[in-house]
Amino acid sequence: MRFIFRSLTGLFVLCLTLALLLLAGRQVADAVKAREEAQNRRPAGAERVFSVNVARLDEVVAQPKIRTFGEIESRRTLEVRAGSEGELVDLAADFRDGGVVRAAELLFRVDPADAASALDLADIELREAEAEMAEAEGALALAQDELAAAEEQRRLQEAALARQRDLRTRGVTSETIVETATMALSQAAQTVIGRRQALLQAESRVARAEIALDRRRVARADAARTLSKTETFAPFTGILTDVNAVLGRRVTTNEELAVLIDPTALEAAFRVTNAQFGRLLAAPGGLSAAQVVVTLEIDTIPLEIGGEIVRAGAEVGEGQTGRVLYAALDGPGVDALRPGDFVTVEIIEPPLPGVAEIPTTAATEDGRILLVTETDRLEEVAARILRRQSDTLIVGDVPFGQRYVMERLQQLGPGVRVRPVEPQTDPTDTPNQVAAAPTANDAARELVTLEPAERARLRGFVEGARQMPEEVRARLLAALDAPQVPKALVDRLEARFGG
C-alpha cells in the first residue's frame, strides 16, 4: 500500500514539473514575440522611404545603331569545271582547299592527246578542201577561156557566112558554099552553148568547194577549241575550295573540280525587320547608303571592318519576314574574312538630336518613367521611345534636367517618397553602364601573368601561323606582349596549337 502511494506521489510531481516547464516556455515565447513586435512597430503616421538610384535626363544627340547578325558572301564565286573529258595530267601547285591562285594561272590540264589528234586531222581535211578549191577555181578559169574561144569562133563563122552570101548575090560563089558556111556557123553556136554549160558546172564546183572549205575551217576551229579546253586557267585571283581533283583521275566534261572565290569582293548579307528597313529608306524611296561595322571574333579579339549598304534582296522568302540587305566591305582586315563567316553587323543610323538615353530598367514597356520631384516624391510621365539599343532606350518628349529613377521597382509608384542616390561615375559612362552590374562575362576578362618561356612559346605559335592575316597577327602579338594577358586568349591559343 505504501509503495502505491509513493508511486502516485512521484507521478504527480512529474506531471506538475512538466506543466510548469510548458508554462515557462510559453511565457518566454510570448515575451520574444512581443519584443519583436515592439521593435518593428513604427510610430503612428510614419511614412516609409525607399532609397533609389537616380540620374538626370540630359539632352544629347544620340547615335542609334541597328544590331543584327549576318553572313559573309562573295559577289564573285566561280565553279571550276572540266572543259573536256580525259585524264588529269597536270595540276597547279596550289590547286587544293585554301590555295591561292593568280589570274591567268594554269589550274589543271586534261590529257590533250585525243584533242591534238583531232586537230591534226582537221588540218589535213582543211588542206584537202583548199586543194579542191584551187582545182575548182582552175577549172573555172579554163571553162571561161574555152567559152571565150568558142564565142570568137562563132563570130568568125558569122563573118564567113556573111561574106559567102555577099559573093552569092554577085554570082561569084555557089549555093553549096553558102550552105557549108551556114552549117559551120551552126556548129560554132552549138560549141558556145556547150562551153557555157561547162562554165556553169565549173562555177557550181567552185561554190561546192567553198562550202566544203568553210565546213573544214569550222571543223578545224572546233578541234582547236576542244584542244584549248584541255587547259583551264584562273579567270581572276582567288581562293579555291571544295577541291576534288588529283593527278591521274579521269574527269568528264563539265564536271565540277573546285570553287574559286574572290576574297576582294566580299559583302555581308543580313536581315532587318520591316520597321528597321523603313528607317533606312532614303527620302525619294530608295535605300540609303548607311554605314555598317561588321565584327568577327578571332581569339577574343574583335576584328571590325567597315562597309556600306549597297542593295536589298529581291524577295522576302517563304515563311520569313523583314528584308535582306547587302553591304559591301572594304578597309583593313577584310582579307581575314571568308565566305560563310558568321558576323555581327551594326548599322549606323542618322543621329537623333534632342533626345535622352536611359537604361531599359527605368521605363515600362510603353515608356512610362518615374521622375523625382523637388520634394523627393515620385511622379510618373510618359516618354516616347524612339529606339531600343540593347539595354539602353533613346527617348524623347521628356523634361530634360529632371531626375529619374534608374531602376523601376515594383514597390515604387507615383506619390511615393524616396531617398535619391546619385552614383559617382566617370563622365564618359553611358546610362546603361552606370546601372550595369557585374555579369558572368567578367570571367572572360580574367587576366593572367605568363612565364617568359610560356610567353615565348605562344608568340612562336602566332608568328608561325602562315594562314593568319597580318592584322590579326599584329593584334595577337600586341596582346601577348602586355604584362597581363587575357586568360581566354591563352586558352584558345593553347587549344588551337596543341599546347
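**Entry 1: a pocket and its lining**

I began with the second largest pocket, to whose lining β3 (65–74), α4 (274–279), β20 (384–389) and β21 (392–396) each supply at least two residues; helices (H or I, at least four residues) and strands (E, at least two) are DSSP runs, numbered from the N terminus. The model I am reading is predicted, so I note that local features need pLDDT of at least 70, that side-chain atom pairs count only at pLDDT 80 or more, and that totals for chains, interfaces and linings use all residues. Residues are numbered from 1 along each chain as its sequence is written, and side-chain values use heavy atoms, with hydrogens and water left out.

Which strand or helix gives the most to the lining of the second largest pocket? I found that β20 does, with four residues. The lining comes to 20 residues, and Lys65, Glu346, Gln389, Ser390 and Thr392 are those that lie nearest the centre of the pocket. A pocket here is an open set of points, on a 1 Å grid over the protein atoms alone, where a 1.4 Å probe fits and protein stands on both sides within 12 Å along at least five of seven lines, and lining residues have an atom within 4 Å of a point. I noted about 530 Å³ of space in this second largest pocket, a volume being the space filled by probe spheres set on the points, which are joined across faces, edges and corners.

I then looked up Gln389, which lies in strand β20. Gln389 is buried, at a relative accessible area of 18%, where buried means under 20%, exposed over 50% and partly exposed in between (1.4 Å probe, protein chains only). Once neighbours within four places in sequence are left aside, Gln389 is in contact with Pro64, Lys65 and Ile394, contact meaning heavy atoms within 4.5 Å.

**Entry 2: the chain as a whole**

I counted eight helices and 25 strands in the secondary structure of the chain. Of its 499 residues, 32% are buried. Among contacts between residues at least 6 apart in sequence, 75% join residues at least 24 apart. The accessible surface comes to about 30,500 Å², and carbon and sulfur atoms account for 53% of this; the areas come from the Shrake-Rupley method with a 1.4 Å probe, and for residues only the protein chains shown count as cover.

**Entry 3: salt bridges**

How many salt bridges does the structure hold? I recorded 32, a salt bridge being a side-chain nitrogen of Lys or Arg within 4 Å of a carboxyl oxygen of Asp or Glu.

I looked at Arg81 and Glu256, whose side chains meet in a salt bridge at 3.6 Å, N to O. Because Arg81 lies in strand β4 (residues 77–81) and Glu256 in strand β11 (residues 256–261), the pair ties together parts that are 175 residues apart in sequence. Arg81 is partly exposed at 31% relative accessible area, and Glu256 also counts as partly exposed, at 26%.

Next came Arg403 and Asp376, with a salt bridge of 3.4 Å, N to O, between their side chains. This pair links distant parts of the chain, with Arg403 in strand β22 (residues 403–405) and Asp376 in the loop between β18 (368–372) and β19 (378–382), 27 residues apart. I noted Arg403 as buried, at 17% relative accessible area, whereas Asp376 is partly exposed at 25%.

The side chains of Asp397 and Arg384 meet in a salt bridge at 2.9 Å, N to O. Here Asp397 sits in the loop between β21 and β22 and Arg384 in strand β20, 13 residues apart. Is Asp397 buried or exposed? I found Asp397 exposed, with a relative accessible area of 56%, while Arg384 is partly exposed at 44%. I also noted one network, in which salt bridges that share partners join Asp366, Arg368, Glu380 and Arg408.

**Entry 4: backbone angles**

Most residues other than glycine have a negative phi. Ala104 has its place in the loop between β6 (100–101) and β7 (106–110). Asp242 likewise has a positive phi, of about 55°, although it is not a glycine, and is found in the loop between β9 (238–241) and β10 (250–251).
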